[in-house]
Amino acid sequence: MGFSVAATFGPHIFFRNCCEKPVNFLSFDHKEGHRVNFKLSEFKPRPRRISACNPEVFQFEERTSPNEVKKDIERCYELIHRLGRGVVYLGSSRMGPSVELKIANLLNCTSWSGAGPGLMDAATKGALQAGKPVGGFKIGKEANEWTATNFHPCLPSETYLTCRFFSARKHGLVDAAVRLDSSDKTAVIALPGGIGTLDEVFEILTLIQLERIGSAFPVPFLLMNYDSFYSKLLEFLDVCEEWGTVAKGEVSSLWKVCDDNSQALAYLEEFYGLSTEKLRHGVRSQSSHRRVS
């Protein structure tokens, strides 16, 4: 009787056809010993292609051409062109709401996020509650779990994309915050998050530092240090200054660290020369059940 064994190696899955031969094995009931022999055939590599029963849910294929990534990026740019640039929210897919409704009212622009759960979902719902445009760039895996569907429960299908590649999603999140005109009101708001959030935060921060973000005008970057969430990170950056890996004051000049929502709103108000009086009246008419840190 024969059987097959499969193993992965790089971009391939190898299959071995195994043939059973006379075997000897050690018996626990007797002192007699028996020997087992297996003969394996040569490797037969096959390209890896994995899919679920429902092809609309998952489609994991190796990228075969840089054009596939390019197409993903172009779709992101097309969505931004249609909905408009605005505030980009970076944050955990495992936490609850924050300051999104007030900022949407203050800047009166499109709100963008990764269109996932947690704080990204809070950004979506806050902007929708304020009656402002919302867009998003989903990805197949959030909070270390594969999504069950590409469907978003709150957003119309024409306002978000499900990106195949993380690089395309990042391009979208960066371009959504670009200011091409002095009248453009955009921002990057870094809410509490984990590895994925920090990856996005430092990539955008680096682009701003090197003046490679592609913006004709400065883009305000706010780090929301709720309940000292990012204090240890800020201490680490201070150590980097002591070691000389970053220049003194270099990082602090690239973003504004805010301890609460009022600081964030005051900074954006000053940055864009806006008045929050109209905002205050607007917020009173909104439901007040959302958490304010």
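Which residues are linked in a network of salt bridges? The network joins Lys170, Asp199 and Glu203, where a salt bridge is a side-chain nitrogen of Lys or Arg within 4 Å of a carboxyl oxygen of Asp or Glu.

The model is predicted, so that local features need pLDDT of at least 70 and side-chain atom pairs count only at pLDDT 80 or more, while totals for chains, interfaces and linings use all residues. Residues are numbered from 1 along each chain as its sequence is written, and side-chain values use heavy atoms, with hydrogens and water left out.

**The sheet and its helices**

Helices (H or I, at least four residues) and strands (E, at least two) are DSSP runs, numbered from the N terminus. Two strands pair if DSSP finds at least two bridges between them. Seven strands form an open sheet with parallel pairing, in the order E12-E9-E8-E7-E13-E14-E15. Its edges are strand E12 (160–163) and strand E15 (256–258), each of which pairs on one side only. On average, neighbouring strands of this sheet are turned by 20° against each other, direction ignored; axes are lines fitted to C-alpha atoms, for helices over the stretch in contact, and angles run from 0 to 180 degrees between N-to-C directions.

Within the sheet, three bridges join strand E7 (residues 86–90) to strand E8 (residues 110–113) in the parallel sense. Val88 stands opposite Trp112 in E8. Helix H4 (residues 166–175) packs on the sheet and touches E7, E8, strand E9 (134–139) and E12, contact meaning heavy atoms within 4.5 Å. The direction of H4 makes about 160° with that of E9. Helix H7 (residues 261–272) lies across strand E13 (187–190), strand E14 (221–224) and E15, and H7 runs at about 170° to E14.

**Helix H3**

Burial is judged by relative accessible area: buried means under 20%, exposed over 50%, and partly exposed in between (1.4 Å probe, protein chains only). Helix H3 (residues 119–129) is mostly covered, with eight of its eleven residues buried. The buried positions in H3 are Leu119, Met120, Asp121, Ala122, Ala123, Thr124, Gly126 and Ala127. After H3 comes Gly131, with a positive phi near 75°.

**Salt bridges**

The count of salt bridges comes to eight.

| Pair | Closest N and O atoms | Relative accessibility |
| Asp121 and Lys125 | 3.1 Å | Asp121 15%; Lys125 41% |
| Glu200 and Arg169 | 3.9 Å | Glu200 13%; Arg169 3% |

How many residues apart in helix H3 are Asp121 and Lys125? They are four residues apart, and therefore separated by about one helical turn. Asp121 counts as buried and Lys125 as partly exposed.

Glu200 and Arg169 form a salt bridge that likewise links distant parts of the chain, with Glu200 in helix H5 (residues 195–209) and Arg169 in helix H4, 31 residues apart. Glu200 is buried, and Arg169 is buried as well.

**Aromatic contacts**

Rings of Phe, Tyr and Trp (its six-membered ring) pair if their centres lie within 6.5 Å; planes under 30 degrees apart count as stacked, over 60 as edge-to-face and the rest as tilted. The count of aromatic pairs comes to six. One of them is the tilted pair of Phe202 and Trp255, at 6.5 Å centre to centre with 55° between the planes. Phe202 lies in helix H5 and Trp255 in the loop between helix H6 (231–243) and E15, so this pair ties together parts that are 53 residues apart in sequence. Phe202 is partly exposed at 28% relative accessibility, while Trp255 is buried at 8%.

Trp255 also pairs with Phe221: the ring centres are 5.9 Å apart and the planes stand at 50°, so this pair is tilted. Because Phe221 lies in strand E14 and Trp255 in the loop between H6 and E15, the pair ties together parts that are 34 residues apart in sequence. Both Phe221 and Trp255 are buried. Together, Phe202, Phe221 and Trp255 form one aromatic cluster.
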